[in-house]
Every structure is written in structure tokens, then in C-alpha cells.
Amino acid sequence: VAYGLDKTEAVKDWKWRTVELVVGYFALLLLALAVARSQWVTLRQGEKLRSSEEHFRMLAENMADMVWRTDAEMRFTYINMADQRMRGFAREEVIGTLVRDNLTLPGRDALEEHLRKRRETEMSANKGMALKCELPMRHKNGSEIWIEMSSVPIYGSDGNIKGYQGVGRDVSGRKQDE
């Protein structure tokens with residue numbers, strides 16, 4: 001009686017393990033390709049976002065009108081160079097300050113009226129609509145400059161206002177004529 005391995009059974013096991021390995025390697029290859037593609041897409045989107053931000057900054061910094069952004073407490077978080085040309089304050093002197101602290105006393109009253117209108121608008125069907133107002137602001141030399149502001153709220157993911165953004169234009173000449 002001869003004892004030994006059944007060649008048919010051994011080859012069958014070997015073929016089955018080979019198929020398992022090939023399928024496993026193929027699955028790993030597909031997973032690696034999916035991860036690589038995902039990374040490529042993420043890098044591409046980051047590149048597009050950086051390009052878009054650079055474009056916005058170039059536009060904002062070269063505008064004649066003031067472009068600004070505040071947080072929910074009405075503290076400046078961004079302001080372009082037009083503000084320095086209009087009011088004389090360097091950007092570093094304005095970022096982090098409250099909007100009201102950049103206004104004259106009548107300007108503070110006008111801001112309160114503007115914020116009251118904003119609250120009314122937010123309660124209406126016109127939520128998010130741009131609002132305009134004219135505010136007398138302080139110039140670095142101590143004089144007053146009138147700015148026509150247009151602003152819109154910035155909403156967070158929870159739907160609450162997390163800040164404001166807008167543009168401002170010097171209308172002092174028109175105010176003097178009036």
C-alpha cells in the first residue's frame with residue numbers, strides 16, 4: 001500500500017489559493033487607484049481654491065471701493081487698501097476693531113438704525129438681501145468722511161448670521177453738495 005498526496009487534491013488547493021491571491025491583489029490595486037484618484041481630485045480642488053482666492057484678493061485689493069468683512073460682533077476681519085486711501089488708516093489699525101469705533105457719533109446712531117433694518121429684513125421674506133446706508137466715518141486726520149455702504153449677512157451652517165460683508169464708496173462730495 002502506498003501512502004502519499006493525492007496530486008489532484010493538492011493542485012486543486014493550490015489553484016484555489018492562487019485565485020484568492022489574484023483577487024486579493026486586484027482588490028488592493030483597485031483600492032490604491034481609488035485612493036490615488038481621490039488625492040489627485042483633492043489636490044486639484046485645493047489648487048482651484050487657491051487660484052480663486054488669489055483672484056478675489058487681486059480684485060478686492062485693486063478696487064476703488066472699500067471691500068470689508070466683519071464677524072458677528074461687527075469686528076473687522078478684512079478690509080482692502082481702498083479704506084486706507086479713503087480714511088487714512090492702515091489695514092492693521094482697522095482689523096480687529098469694531099465698526100462702531102470707526103464711526104463718528106452720528107454714524108453710530110445711523111449704524112444702529114441700519115442694524116434695526118437688518119433685523120427686520122432677516123425676519124421677513126427678504127432674508128439675506130443687501131441693504132444700503134450712508135455712514136459718517138472717522139478719518140485719521142480727525143475729519144469726517146461719508147461712506148455709502150452696501151452689506152449682506154454671512155450665514156453659518158446652522159443658518160445664523162456669523163458676520164457681514166460689503167462694499168463702501170466715498171460720497172462725501174455729494175453729501176457736501178446736499
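Start by selecting Val99. Leaving out residues up to four places away in sequence, Val99 touches Thr70, Met74, Phe76 and Leu111; contact means heavy atoms within 4.5 Å. This is a predicted model, in which local features need pLDDT of at least 70, side-chain atom pairs count only at pLDDT 80 or more, and totals for chains, interfaces and linings use all residues. Residues are numbered from 1 along each chain as its sequence is written, and side-chain values use heavy atoms, with hydrogens and water left out.

Stay on Val99. It lies in the loop between helix H3 (91-94) and helix H4 (105-123). Helices (H or I, at least four residues) and strands (E, at least two) are DSSP runs, numbered from the N terminus. Val99 is buried, at 8% relative accessible area. Buried means under 20%, exposed over 50%, and partly exposed in between (1.4 Å probe, protein chains only).

Next, select Met74. It sits in the loop between S1 and S2. Its relative accessibility is 14%, so Met74 counts as buried. Check its backbone: phi is positive, about 70°, although Met74 is not a glycine. Most residues other than glycine have a negative phi.

Move to Asn102, in the loop between H3 and H4. Asn102 is buried, with a relative accessible area of 3%. Which side chain does the side chain of Asn102 make a polar contact with? That of Arg87, at 3.1 Å. A polar contact is a pair of N or O atoms within 3.5 Å; within protein, one must be able to donate a hydrogen and the other to accept it, and residues adjacent in sequence count only if both atoms are side-chain atoms. The Asn102 side chain also reaches the backbone oxygen of Leu98 at 2.9 Å.

Now show the core. The largest nonpolar core has 20 residues, and Leu111 is among those with the most contacts inside it, as are Met66 and Trp68. Such a core is a set of buried Ala, Val, Leu, Ile, Met, Phe, Trp, Tyr and Cys residues joined through side-chain atoms within 4.5 Å. Elements giving it two or more residues include strand S1 (66-71), strand S2 (76-79) and H4. Select Leu111: beyond four places in sequence, its contacts include Met74, Val99 and Leu135.

Finish at Leu21, in helix H1 (residues 7-61). Leu21 is exposed, at 52% relative accessible area.
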